Amino acid sequence: MTGAQSLLQTLVNGGVEICFTNPGTSEMHFIAAVDQVPGMRTVLGLFEGVCTGAADGYARMAGKPAATLLHLGPGLGNGFANLHNARRANSPMINIVGDHTTYHLRHDPPLTTDIESIVRGFSGWVRRSRSAEDIPADAADALMAAMTPPGQVATLILPADCSWNESREPGPAPLLPRPVPVEQATIRQVANVLRMREPVVILLSGTLLMEDGLRLAGRISHATGARIMGNRVNARSQRGAGRVVIERLPYPIAPALEMLQRTAHLILVGSPPPVPFFAWQGKPNWIVPKDCRMHVLARPEEDALGAMQALADELGAATDSSSVDPGIRPPLPTGEITAEKVWRALAALMPENAIISDEGVSSSRDADNWTIGAPPHDWLNVTGGSIGQGLPVATGAALACPGRKVFAMESDGAGMYTLQSLWTQARERLDVVTVIFANRAYKILRGELRQMGIADPGPKAAAVLDLGNPNLDWVKLAEGMGVPGSRAETCEDFTDHLQDAIRTRGPRLIEVILP
Ligand SMILES: Cc1ncc(C[n+]2csc(CCOP(=O)(O)OP(=O)(O)O)c2C)c(N)n1
């Protein structure tokens, strides 16, 4: 058995089922081996950012890692931005980077790169395989590292001769690490804080944004008067009818400050303290009030769900449904189309159990409010602020959940970074509806200039924030990659196209021309 075969089999034994790849010569033995080792599906991405973003989306929905297979430093570099987002999402991922053979590297051939220094930016674990014999152990260690709570990117650098040389028997499924339980003393301390009845905010993250965690948070909130909140961006949250509604910190600094004002205690559950995305000149760069005391109920690697359950028990918090979304869908919007109306139409029409990949940027500012009343669904944010994630994440989510409709709510600028995702969706026949908010500008950045007092930017500044001249034709772009596309200029157009896209299976794109 070769190193590549043993690697694949060890990953398959550990439950890894899918590999997103854009391979090259140094990965050819791995590619040859995928037809010899059953159980690993391969998906081609036409740009590495599609592969890494799709692996992230897959992990968020499947709760286990996908593998990527990338071509040396340049291929890895192309995948960097979405590996960064995956790091911020705590997504487990086995990131395999092919390299030159151990004996060729010293000649510095053209594709040689300092792979390790690129990897350091996003990978919680990295190893360069030394020989084919080490491969099964390397693969099992990578898997354990990826699944170490709360999840991380594990990168295995794979020299070509480690792939083709004779290896050992593949490893069995490794025993995966579990989240560390939270001490009872910590739970009691936090319960005491809540019993004081001072203004408390509980900041939820990770598993607590899933249905069971939200229910516990709702009980604790009802019993103690504490507010429950989520960070601005979250890897995955469950929302919609029957689920506890929580507030999310806004992106702009002023309303974020306002929201936390007068908070006497901030309880962190699985997340670090909230920070603004940027420091804006002349504005505060810390949103937690000065006199607010912070308490940690659970660290990211700890069992946050278990801790919340124990806290609810300690407080005797009864079952409560007062903060649950009653699931009354909004009426269908009509007339001139706006981003808000697009979201409301989606909430009015989307099927149960859909998945939303939200990269609407300025078009999804208040999407939380605009989608109240929608049926139960999962929501995936851009976690690391690096745009070009929405379409790949939707692609990976659709592969993880073949029975569920996926909506990629995408701004036009961000969409252009990784639009090759559409081709992968067509090839894999994925049930993804992409909605493009075509405002033909980097609108959010115009807002940033306005904040600086520049309402009327000079022609050179204006030009780099404008996406017109020529206008992108998303219908043609989609059709050129095998995805049927249509254009909406009114609410009536949009609801027609959306209803049709919901009725039929398979990838679709609707370009919404915003005024
Ligand atoms: C990888 C990466 N490059 C650049 C940026 C900076 N950036 C932030 S928002 C933005 C433009 C967003 O435009 P669009 O996606 O069309 O959304 P809109 O602002 O129009 O809603 C850019 C370029 C980024 N966040 N990530």
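Visitor: How many salt bridges does the count come to?
Guide: The count comes to 24 salt bridges. Please keep in mind that this is a predicted model.

Visitor: Which residues are linked in a network of salt bridges?
Guide: Glu211, Asp212, Arg215 and Arg243 are linked in such a network. Within it, Glu211 and Arg243 meet through their side chains at 3.2 Å, N to O. Glu211 belongs to helix α10 and Arg243 to the loop between β9 and β10, so this pair ties together parts that are 32 residues apart in sequence. Arg215 forms a salt bridge with Asp212, with 3.4 Å between the closest N and O atoms.

Visitor: And Arg243, is that buried or exposed?
Guide: Arg243 counts as buried, at 8% relative accessibility, whereas Glu211 is partly exposed at 28%.

Visitor: Changing topic: what is the strand order in the open sheet of seven strands?
Guide: The order is β9-β14-β13-β15-β16-β18-β17, and the pairing is mixed. β9 and β17 stand at the edges with a single partner strand each, so one side of each has no neighbour in the sheet. On average, neighbouring strands are turned by 20 degrees against each other, direction ignored.

Visitor: In what sense do β9 and β14 pair?
Guide: They pair in the antiparallel sense, over three bridges. The bridge partner of Arg239 in β14 is His377.

Visitor: Which strands does helix α21 lie across?
Guide: Helix α21 lies across β15, β16, β17 and β18, and runs at about 170 degrees to β18.

Key. Residues are numbered from 1 along each chain as its sequence is written. This is a predicted model: local features need pLDDT of at least 70, side-chain atom pairs count only at pLDDT 80 or more; totals for chains, interfaces and linings use all residues. Side-chain values use heavy atoms; hydrogens and water are left out. Two strands pair if DSSP finds at least two bridges between them. Helices (H or I, at least four residues) and strands (E, at least two) are DSSP runs, numbered from the N terminus. Axes are lines fitted to C-alpha atoms, for helices over the stretch in contact, and angles run from 0 to 180 degrees between N-to-C directions. Contact means heavy atoms within 4.5 Å. A salt bridge is a side-chain nitrogen of Lys or Arg within 4 Å of a carboxyl oxygen of Asp or Glu. Buried means under 20% relative accessible area, exposed over 50%, partly exposed in between (1.4 Å probe, protein chains only).
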